[in-house]
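Biologist: Can you walk me through this model? I'd like the domains, then the salt bridges.

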Amino acid sequence: MPSTPVPPRSEIKPEHTWNAASVFASDAAWEAELKSVLAKLSELDKYRGHLSGGAATLAGARVLIDELILRAGKVYVYANMAHQVDTTNQAASKMYSRALGLFGQVAAAAAFFDPELLAIGQAKLQQWLRDEPRLADMGHYVDDLFRRHAHVRSAEVEELLGLLTDPFQSVMTTAGVLTDADFKFRPAKASDGRETPVTQGNIDELLAETDREARRTAWESYNDAYLAFKNTLANNLATSVKQNVFNMRARRHRSTLEAALFANNIPVDVFHNLIRTYRANLPTWHRYWRIRRKALGLETLHPYDIWAPLTADKPRIPYKQSVDWICDGLAPLGKDYVRVVRKACLEDRWVDVYPNQGKAGGAFSSGRPGTPPFILMSYDDTIFSLSTLAHELGHSMHSYLTWQTQPILYGEYSMFVAEVASNFHQAMVRAHLLKQQADPAFQISLIEEAIANFHRYFFVMPTLARFELETHARMERGEGLTADDMNALMADLFAEAYGGEVHVDRERVGITWATFGHLYVDYYVFQYATGISGAHALAHRLLSGVPDAAMDYLNFLKAGGSLYPLEALKLAGVDLTTPHAVEAAFNVLSGMVDKLEALLGR
Ligand SMILES: [Zn+2]
């Protein structure tokens with residue numbers, strides 16, 4: 001594939017870069033602030049050990065801690081962005097590690113706060129919250145603290161558990177080091193004999209090649225490298241599962257699932273409901289595989305045909321055009337919302353738009369109260385870039401409205417609600433473009449983008465979640481977990497999900513678990529599927545004209561971390577304990593499959 005050379009950072013026009021000066025005027029100003037925050041840490045000494053002294057003392061400590069967190073956050077954002085936009089910049093990378101250090105020091109200096117609150121006791125605290133206006137908004141924080149306390153052990157046990165966090169991390173890094181640094185892949189070989197090296201960085205691109213031989217050889221090479229180390233990788237993942245079982249027992253939970261969901265106060269029914277509804281709707285996926293197979297003119301669809309392009313006629317979408325379309329799609333949320341988005345993208349420089357040498361890959365939204373919620377991406381004029389921009393803007397608007405509304409205490413929200421806001425943007429923009437852009441080639445590209453997204457988050461992720469549930473259940477029962485056990489389980493789960501419409505090479509499909517580092521964070525991936533579900537249920541609510549749907553949605557964004565995730569989502573109008581949201585996402589997917597079938601049948 002011909003590709004234009006990536007320019008050095010110095011050649012990127014300032015208007016396409018993040019607005020560093022909106023955080024600090026200069027590196028010198030950043031340096032001065034870092035030192036000033038460090039110097040102020042000692043002011044916490046007068047509060048440490050004295051919070052039980054009364055509501056006024058507690059309020060004083062809270063105000064000081066909020067200030068320190070706010071200021072350290074700005075120091076962190078400035079350094080993090082400088083580092084991410086050019087990871088080869090040594091000065092920025094040094095600033096980044098110093099900022100991380102500062103954050104750690106603030107956290108350590110403020111660590112007395114929660115244990116002292118617990119020692120004061122819930123009844124007395126609640127009285128203080130009523131008496132002292134500077135504490136009035138702490139109700140949810142206190143409630144959550146005492147809720148979690150039910151699974152906190154003695155100080156001595158807690159100290160040991162804390163010390164285990166770092167050594168327990170190594171299994172995840174070991175997998176990363178092995179597969180990112182040490183793996184060598186056979187080159188992919190196209191039908192004309194042309195060879196392309198396979199890397200972690202280009203595998204997705206190779207799997208989307210038009211040449212089937214290139215796709216097949218890339219897919220086989222990729223999975224074969226993992227298969228060659230299946231025993232090591234399986235042992236490593238089994239160790240991670242054992243650690244989760246250990247943590248569950250240490251914290252007195254009934255299952256690893258319950259232990260993992262406890263942090264966000266999410267009932268296990270939400271997980272089971274997702275899986276149940278997902279399985280019941282698998283025929284929608286089976287129908288899609290059939291349509292895809294016919295469109296590609298294949299006798300048998302293989303996993304390496306899942307990303308094969310269905311049209312050669314791809315739209316080119318310049319950045320400004322994307323911004324316009326995203327704003328049009330978000331219009332139902334109201335003029336104020338859209339004005340903020342447009343200005344963020346075109347004037348306020350929230351977005352570091354284009355790729356440059358040394359820029360971190362992927363895309364993310366990142367910021368802290370007191371800074372804009374910046375976005376880093378590598379915009380490349382494709383419909384995938386448009387969708388990525390819409391997604392990250394969903395995160396950024398969530399942060400923006402949270403930080404405008406909530407105190408620092410509730411400035412962070414969980415991944416469980418985060419992926420609703422980001423996917424909601426994508427759902428709204430796709431629905432708008434499907435209606436507005438009549439060109440069939442454009443529509444096919446749009447549906448391809450949407451279904452590729454659904455495939456990852458609404459097909460692969462729930463399948464991995466089922467794998468996770470079963471591997472943990474076996475470990476909880478004291479059964480072993482070998483590479484062959486894992487591969488057989490994964491192959492069975494994919495065979496059910498493919499429904500006979502996609503060929504299952506049991507070894508190469510069975511090793512899929514090893515290719516997702518996400519599995520080292522227990523019960524993480526299901527949240528992508530609940531996120532996409534909640535998002536489509538809420539988009540449907542807005543697009544079908546439910547009264548106050550826009551206001552409800554904005555109230556959800558503004559809630560930030562001031563409510564438990566399920567409560568915040570109920571504010572928006574969706575209840576993830578019922579099958580409704582998952583069904584809503586399947587309805588949208590099913591509608592797209594219908595439309596694709598009609599477009600391809602022309
Ligand atoms: Zn996201």
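Modeller: What follows covers the domains, one interface and some charged pairs.

Modeller: This is a predicted model, so to speak of local features we need pLDDT of at least 70, side-chain atom pairs count only at pLDDT 80 or more, and totals for chains, interfaces and linings use all residues. Residues are numbered from 1 along each chain as its sequence is written, and side-chain values use heavy atoms, with hydrogens and water left out.

Biologist: What are the domains of the protein chain?

Modeller: Domain 1 is 9-169, domain 2 is 186-226, and domain 3 is 229-315 + 412-602. The bounds come from an automatic or database domain assignment.

Biologist: How many residues of domain 1 and domain 3 are in contact?

Modeller: 12 residues of domain 1 contact 15 residues of domain 3. Contact means heavy atoms within 4.5 Å. The C-alpha centres of these two domains are 33 Å apart.

Biologist: And what area is buried between domain 1 and domain 3?

Modeller: About 1300 Å², with 52% from carbon and sulfur atoms. Buried area is the accessible area (1.4 Å probe) that two parts lose on being put together, summed over both. R147, H151 and F168 supply 50% of what domain 1 buries against domain 3, more than any other three residues.

Biologist: How many salt bridges cross the interface of domain 1 and domain 3?

Modeller: The rule finds 1. It needs a side-chain nitrogen of Lys or Arg within 4 Å of a carboxyl oxygen of Asp or Glu.

Biologist: Switching topic. How many salt bridges are in the whole structure?

Modeller: The search finds 44. One of them joins K35 and E31, at 3.4 Å, N to O. Both lie in helix α1 (residues 27-40), 4 residues apart, about one turn of the helix. Helices (H or I, at least four residues) and strands (E, at least two) are DSSP runs, numbered from the N terminus.

Biologist: Which residue forms a salt bridge with E213?

Modeller: R216, with the closest N and O atoms 2.8 Å apart. Both are in helix α9 (residues 212-228), 3 residues apart. E213 is partly exposed at 31%, and R216 is partly exposed at 25%.

Biologist: Which residues are linked with E213 and R216 in a network?

Modeller: R186, E220, D224, D505 and R508 are linked with them by salt bridges.

Terms used: Buried < 20%, exposed > 50% of the residue type's maximum accessible area, 1.4 Å probe, protein only.
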